[in-house]
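Here are my notes for someone opening this structure for the first time. Please have the sequence and the 3D view at hand.

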Amino acid sequence: MSAGALYGLMALGLALIYKTTDIVNFGHGDMAMISTFVAYALLVQLGWPTMLAFAGALAFAVLLGVLIERVVMRPARDRRATVLGLVVATLGLALILNGVAGLVWGHDVKSFPYAVTGPPLRAGNILVPLDQVLNLAVSLGLAAVLYLFFRYSTLGIAMRATISNRTAALLMGIPVNRVFAVSWGIGVGLGAVAGVLATPALFLEPNRMVDLLIKGFAAAVLGGLTSLPGAVLGGLCLGILENLVGAFISIELKATFAFLLIVLVLAIRPQGLLGQAVRKRV
């Protein structure tokens, strides 16, 4: 459940950007990676308190997302770049961020401290490590905050209107460009939270987030790329299923299970568990 909650956070960021802008962000993992390196610099290299370092990394991630939308995606979109071209741009950004991280922090593996330490919680005969409780609580808490944001805030309602019909939103005076920037900021921020929480178990180096990105894609595809609740559900299901595969079939298949799941879902139900099929009139 703990790993699945982190997959759900990655998937939630991917789905939010895709739903709002129609762009599949292949740079999501490297954006989470460099935000985690910022947390590492603040926490380990500069000695900031844990919460302040995490808040600084989250602020960096949100600003990075807004900057990417404003400097790269918006000019490309205004010049009528194709969706494929925008997707390739996210791949280019991933390579640039990976190179910057390697240049600044090097490629050697670094340990990243846990946000919480202490004896595990006991539930009957089951012991649950504190970091896993934190991962699950933070992920579900952020999902709840996002639900309230989209349901009751003015900006959230504007984002829902933009997602529903971009042209109608423009005609109603909704600042669509601002909605896109906020979507990128929140999406990259969610990826950064997942990266920071996952890194103590994964360790930190520039290519370490590839696995988390793939699991995030698998969770988003399983739940439905067009459904935010589906992304969370997909992450939790993936976390449970891959652990069952590792426990009862083979631990070696655990890493490749996400790929198998992506292929199966796309072949059987392309819209995912909660997504909606896109129909076009011919």
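1. Start with the source of the coordinates. This is a predicted model.

2. Look at helix α1, residues 2-21. At 1.5 Å a residue, its 20 residues should span 28 Å. The C-alpha atoms at its ends lie 29 Å apart, which agrees.

3. Is α1 enclosed or open? Of its 20 residues, 17 are buried, so the rest of the structure largely encloses this helix. Just after α1 comes Asp22, with a positive phi of about 65°.

4. Turn to the largest pocket. It holds about 880 Å³ of space. Its lining counts 25 residues. Nearest the centre are Lys19, Ile163, Thr226, Ser227 and Leu228.

5. Which elements line the largest pocket with two or more residues each? They are α1, α5 (130-152), α6 (154-164) and α10 (228-248). The largest share, five residues, is from α5. By class, the lining has 13 nonpolar, seven polar and five charged residues.

6. The second largest pocket has about 510 Å³ of space. Its lining is made of 23 residues. Ser2, Ala3, Leu6, Tyr7 and Ala201 lie nearest its centre.

7. At least two lining residues of the second largest pocket come from each of α1, α5, α8 (176-202), α9 (210-223), α10 and α11 (253-268). Here α5 gives the most, with five residues. The lining divides into 14 nonpolar, four polar and five charged residues.

How values were computed:
Residues numbered from 1 in each chain as written. Predicted model: local features only at pLDDT ≥ 70, side-chain atom pairs only at ≥ 80, totals over all residues. Heavy atoms only, no water. Helix = DSSP H or I, 4+ residues; strand = E, 2+ residues; numbered from the N terminus. Expected span 1.5 Å × (residues − 1). Buried < 20%, exposed > 50% of the residue type's maximum accessible area, 1.4 Å probe, protein only. 1 Å grid on protein atoms, 1.4 Å probe; cavity = no way out; pocket = protein on both sides within 12 Å on 5 of 7 lines; lining within 4 Å. Points joined across faces, edges and corners; volume = space filled by probe spheres on them. Nonpolar A, V, L, I, M, F, W, Y, C, P; charged D, E, K, R; others polar.
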